Every structure is written in structure tokens, then in C-alpha cells.
Amino acid sequence: MQATVSRYDTETRSGTVLTDRGIELPFTAEAVAHTPVRLLRLGQRVRLATTGSGASLAVTEVHFITLP
């Protein structure tokens, strides 16, 4: 799933993303802890790994979008 960073706190390394489906999802520092992501900026496009569905949809990992 792809999304756009809508809020990011550099101190807590948490924030929110707006998915391409228009759903705003929060993410925690845990979602970027084991990825190469060190800093995000507002408006940046990212790829998400998620669990659950509907109201229980949660972000488990945030990755940069890379070109093949």
C-alpha cells in the first residue's frame, strides 16, 4: 500500500500517513525502527506494510518508494 506522509515528529519518530484510498493511519517509531528510514518529510511518498483490515488496520513498517 502506498501513502503520503501527513505528519512526522522527529523526536518520537512517529506520525501519520494518508493512504491513496484516503485513510489516515498513525505509525509509531516501531514502524521505522527496522527499516532504512531515518527521516521523513511532509508530502513524502512511502510504501507501507500493514496488518488487520477496516477499523483495525495498522501500519507495521514504513519504507521509501524505490524505483526498480
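Where is Arg13 found? Arg13 sits in the loop between strand 1 (2-9) and strand 2; helices (H or I, at least four residues) and strands (E, at least two) are DSSP runs, numbered from the N terminus. Its backbone deserves a look: Arg13 has a positive phi of about 60° although it is not a glycine. At 22% relative accessibility, Arg13 counts as partly exposed, where buried means under 20% relative accessible area, exposed over 50%, and partly exposed in between (1.4 Å probe, protein chains only).

A word on the ground rules. This is a predicted model, in which local features need pLDDT of at least 70 and side-chain atom pairs count only at pLDDT 80 or more, while totals for chains, interfaces and linings use all residues. Residues are numbered from 1 along each chain as its sequence is written, and side-chain values use heavy atoms, with hydrogens and water left out.

Five strands form an open sheet in the order 3-2-1-4-5, with antiparallel pairing; two strands pair if DSSP finds at least two bridges between them. Strand 3 and strand 5 (58-64) are the edge strands, each pairing on one side only. On average, neighbouring strands of this sheet are turned by 45° against each other, direction ignored. The axes behind that angle are lines fitted to C-alpha atoms, for helices over the stretch in contact, and angles run from 0 to 180 degrees between N-to-C directions.

Strand 2 (residues 14-19) and strand 3 run antiparallel and are joined by four bridges. Leu18 has Glu24 as its bridge partner in strand 3, and Gly15 has Phe27. The hairpin of these two strands has four residues between them, and there Gly22 takes a positive phi near 85°.

A search of the whole structure finds one salt bridge, meaning a side-chain nitrogen of Lys or Arg within 4 Å of a carboxyl oxygen of Asp or Glu. The side chains of Asp20 and Arg45 make it, at 2.8 Å from N to O. Asp20 lies in the loop between strand 2 and strand 3 and Arg45 in strand 4 (residues 45-51), so the pair ties together parts that are 25 residues apart in sequence. Asp20 counts as exposed at 52% relative accessibility, and Arg45 as partly exposed at 34%.

On to the inside. The largest nonpolar core has 15 residues, and Val17, Phe27, Leu40, Val46, Leu48, Val59 and Val62 touch the most other members. Such a core is a set of buried Ala, Val, Leu, Ile, Met, Phe, Trp, Tyr and Cys residues joined through side-chain atoms within 4.5 Å. Strand 1, strand 3, helix 1 (30-33), strand 4 and strand 5 each supply at least two residues of this core, and strand 1 gives the most, with three.

Leaving aside neighbours within four places in sequence, Val46 is in contact (heavy atoms within 4.5 Å) with residues including Val17, Leu40, Val62 and His63. His63 lies in strand 5 and is buried, with a relative accessible area of 17%. The side chain of His63 makes a polar contact with the side chain of Glu61 (2.7 Å); a polar contact is a pair of N or O atoms within 3.5 Å, where within protein one must be able to donate a hydrogen and the other to accept it, and residues adjacent in sequence count only if both atoms are side-chain atoms.
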